[in-house]
Amino acid sequence: MRQNHLRSTQPCLPALSAAGAAATPQQQHCTHQTNGTNMRALVFRQHLLEALSLRNMAASTRAANAAASNPQGPASVGPSVDSPTLQYSMILEHLIGDKRPVKGLNPAVMGGLPVPPKSDEQKMIERGMESCAFKSLLACVGGFVLGGAFGVFTAGIDTNVGIDPKDPLRTPTAREVLKDMGQRGMSYAKNFAIVGAMFSCTECIIESHRGKSDWKNAVYSGCVTGGAIGFRAGLKAGVLGCGGFAAFSAAIEYYLR
Amino acid sequence: MDPVKAQQLAAELEVEMMADMYNRMTNACHRKCVPPHYKEAELTKGESVCLDRCVAKYLDLHERLGRKLTELSVQDEEMMRKAAVGSG
């Protein structure tokens, strides 16, 4: 897979492969792509020369790889050396040990599709938008709006305003009705905002901690949120709140997934 | 063998080594962190966190093993040299 990809980024140069025999089909494949027989012969000869020089290096690479992958045999390093002048400890120090150079890893070279590098601002913005604080803020605002709408709607249905004990049949004035709608809407909005922010915050924290993204995150955070809300009214209410909210979250997750 | 030649040889080998390491790391972390449920195109928060951790662990492992390997390689060569001197 790696060798195929190295070939695809440099279509007609022989790949730095440890198997020298693999260079031959590569040359034949490349020569089909050039135009003209003279050009083809020249390119073929050039590739042959490069392959021969690379074969020498490939032999030493294979030996280095064999030495690198066989650390538990102290005597095996000696006999597997082709040329006695290669000192593997020094090469390894420069390759994977302490003296290796600091490399800027570029996905275009490594093997990914070449994408333009993101600027620092863009990275910061994206990190901010993925953060738990931003998500809980979003849920808070969303909850506020939804709660407001729900409260206003409920005030229209279930009205209890303007009840005068002396005159129970009096219709309430418009100002009283509006005031009642505003109050209920605000109260529902605040509750929904708090619940939404808590749920989103705990779900994000739990998901970051677990490192997985599945339905259990919502269930755990539902339990935490319901428990926190119900805990104010006692321990049993907290447990009930945990169970109920967790079941509700599980149902929503089942529907969504 | 002088250090300059060793460094040059290491630089030539490094390209292939880094490409291989990157591919292996990508495969391993993809297998571990991204379950095959493609409901949405973007990486979720849990998957991003898992990938960060996977890459950090992989590179840490690579560094430690590389250091240990160079230590062992130095020890091997010392032993070889002693054996050569002793027999020669």
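First, the ground rules. This is a predicted model, where local features need pLDDT of at least 70, side-chain atom pairs count only at pLDDT 80 or more, and totals for chains, interfaces and linings use all residues. Residues are numbered from 1 along each chain as its sequence is written, chains are lettered from A and ligands numbered from 1 in the order in which they are written, and side-chain values use heavy atoms, with hydrogens and water left out.

Chain A, then. It has ten helices and zero strands. Helices here are DSSP runs of H or I of at least four residues, strands are E runs of at least two, and numbering goes from the N terminus. Of the 257 residues in chain A, 30% are buried. Buried means under 20% relative accessible area, with a 1.4 Å probe and protein chains only. Chain A exposes about 17,000 Å², and carbon and sulfur atoms supply 66% of that. Accessible areas come from the Shrake-Rupley method with a 1.4 Å probe.

Now the record. UniProt, in an unreviewed entry, places "transmembrane region" at residues 132-157 and 237-256 of chain A. Such annotations may be inferred rather than shown by experiment. What does the model show there? Residues 132-157 of chain A are 100% helix, with end C-alpha atoms 37 Å apart. Residues 237-256 of chain A are also 100% helix, and their end C-alpha atoms lie 28 Å apart.

On to chain B. It has two helices and zero strands. Of its 88 residues, 34% count as buried.

How do the chains meet? The contact, meaning heavy atoms within 4.5 Å, takes 45 residues from chain A and 39 residues from chain B. The area buried between them is about 3,900 Å², with 66% from carbon and sulfur atoms. That is accessible area lost on being put together, with a 1.4 Å probe, summed over both parts.

Next, the largest nonpolar core. A nonpolar core joins buried Ala, Val, Leu, Ile, Met, Phe, Trp, Tyr and Cys residues through side-chain atoms within 4.5 Å. This one has 15 residues, and Met17(B) is one of those touching the most other members. Helix H4 (88-95) of chain A and helix H1 (3-33) of chain B each give two or more residues. H1(B) gives the most, with seven. Leaving aside neighbours within four places in sequence, Met17(B) contacts Leu95(A), Ile96(A) and His62(B). Another core lies apart, with six residues, including Cys29(B) and Cys50(B).

Terms used
Buried < 20%, exposed > 50% of the residue type's maximum accessible area, 1.4 Å probe, protein only. Buried area = accessible area lost by both parts, 1.4 Å probe.
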